[in-house]
Amino acid sequence: ASVTHSATTTVNLATWATTDAKAFVPSGMSDMGATDGAKVLNLMVTLKLRNRAALDSTFQHLTTVGDPLYKHYVTPKQFAEAYAPSMGQASAVIDYLHDQGFTRIELTPNRTQIRVLGTVAQAEAAFNTRIHRFSYQGQDVLANVAAAQVPATIAGPVLGVVGLNTVPAVFLHPRHVTKAAAATPAGTGLP
């Protein structure tokens, strides 16, 4: 089976690849169902670095006291040339996003992120996911209830999609609070 996302792109459903933007079903929140497809989202598609082992090695040299490269630096141009996705890889992803109807498409100078503006309906179609509304402390938040995917043809450089959920970061990454800290004003641990 296949689905047409725009006048120019047809994607075979058997060729989707899952990104690092996993499904997020918030516990303790009320699922209010599908989100209005016309709601506008600011998204960021993150791209994978190339030569990760070489980057890790370079970082180790630059930060190890006594290493001849200690306290030397990699310029943004050197970083982009050696470790960022190629312009061809970024362009393929940009073309796909454009074909899906996203606007304000902007590639960051280091070629690791592509910022886009689009609707929930465009995001659901482009990333083969579903976005639901949830109630959190009296506010509506959004969350993708299925992992974000991209066509296999562009899966190589795509790491994930940021912005498919609007759940507050404090809920996503709760910190450990001791009983004593919880007994202070607002659980801050401060008197």
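A residue counts as buried when its relative accessible area is under 20%, as exposed when that area is over 50%, and as partly exposed in between, with a 1.4 Å probe and protein chains only. By this rule F79, whose relative accessible area is 21%, is partly exposed. The model described here is predicted, so local features need pLDDT of at least 70 and side-chain atom pairs count only at pLDDT 80 or more, while totals for chains, interfaces and linings use all residues. Residues are numbered from 1 along each chain as its sequence is written, and side-chain values use heavy atoms, with hydrogens and water left out.

**The chain as a whole**

- The secondary structure comes to seven helices and 11 strands, where helices (H or I, at least four residues) and strands (E, at least two) are DSSP runs numbered from the N terminus.
- The chain has 191 residues, and 36% of them count as buried.
- Among contacts with a separation of 6 or more, 66% are between residues 24 or more positions apart, a contact being heavy atoms within 4.5 Å.

**Nonpolar cores**

- A nonpolar core is a set of buried Ala, Val, Leu, Ile, Met, Phe, Trp, Tyr and Cys residues joined through side-chain atoms within 4.5 Å, and the largest one here has 26 residues, with L43, V45, V93, L97, F127 and L164 making the most contacts inside it.
- The elements that give two or more residues to this core are β5 (40–47), α3, β7 (113–119), α4, α5 (152–155) and β11 (158–162).
- V45 is in contact with residues including V93, L97, F127 and V161, when neighbours within four places in sequence are left aside.
- A second, separate core has seven residues, among them F134, V141, V145 and V167.

**Aromatic pairs**

- The structure holds two aromatic pairs, and rings of Phe, Tyr and Trp (its six-membered ring) pair if their centres lie within 6.5 Å, with planes under 30 degrees apart counted as stacked, over 60 as edge-to-face and the rest as tilted.
- F79 and Y83 form a tilted pair, 5.7 Å centre to centre with 55° between the planes, and Y83 counts as buried because its relative accessibility is 9%.
- The rings of F102 and F127 have centres 5.9 Å apart and planes at 35°, so this pair is tilted.
- This second pair links distant parts of the chain, since F102 lies in the loop between α3 (87–99) and β6 (103–107) and F127 in the loop between α4 (120–126) and β8 (131–136), 25 residues apart.
- Both F102 and F127 are buried.

**Salt bridges**

- A search of the whole structure finds four salt bridges, each being a side-chain nitrogen of Lys or Arg within 4 Å of a carboxyl oxygen of Asp or Glu.
- R52 and D56 meet in a salt bridge at 3.1 Å, N to O, and both lie in helix α1 (residues 52–63), four residues apart, about one turn of the helix.
- K77 and E81 form a salt bridge at 4.0 Å, N to O; K77 counts as exposed at 60% relative accessibility, and E81 counts as exposed at 52%.
- R115 and E106 are joined by a salt bridge at 3.3 Å, N to O, and R115 counts as partly exposed at 36% relative accessibility.

**Two threonines**

- T19, placed in the loop between β3 (16–18) and β4 (30–34), counts as buried because its relative accessibility is 2%.
- T103 lies in strand β6 and counts as partly exposed at 40% relative accessibility.
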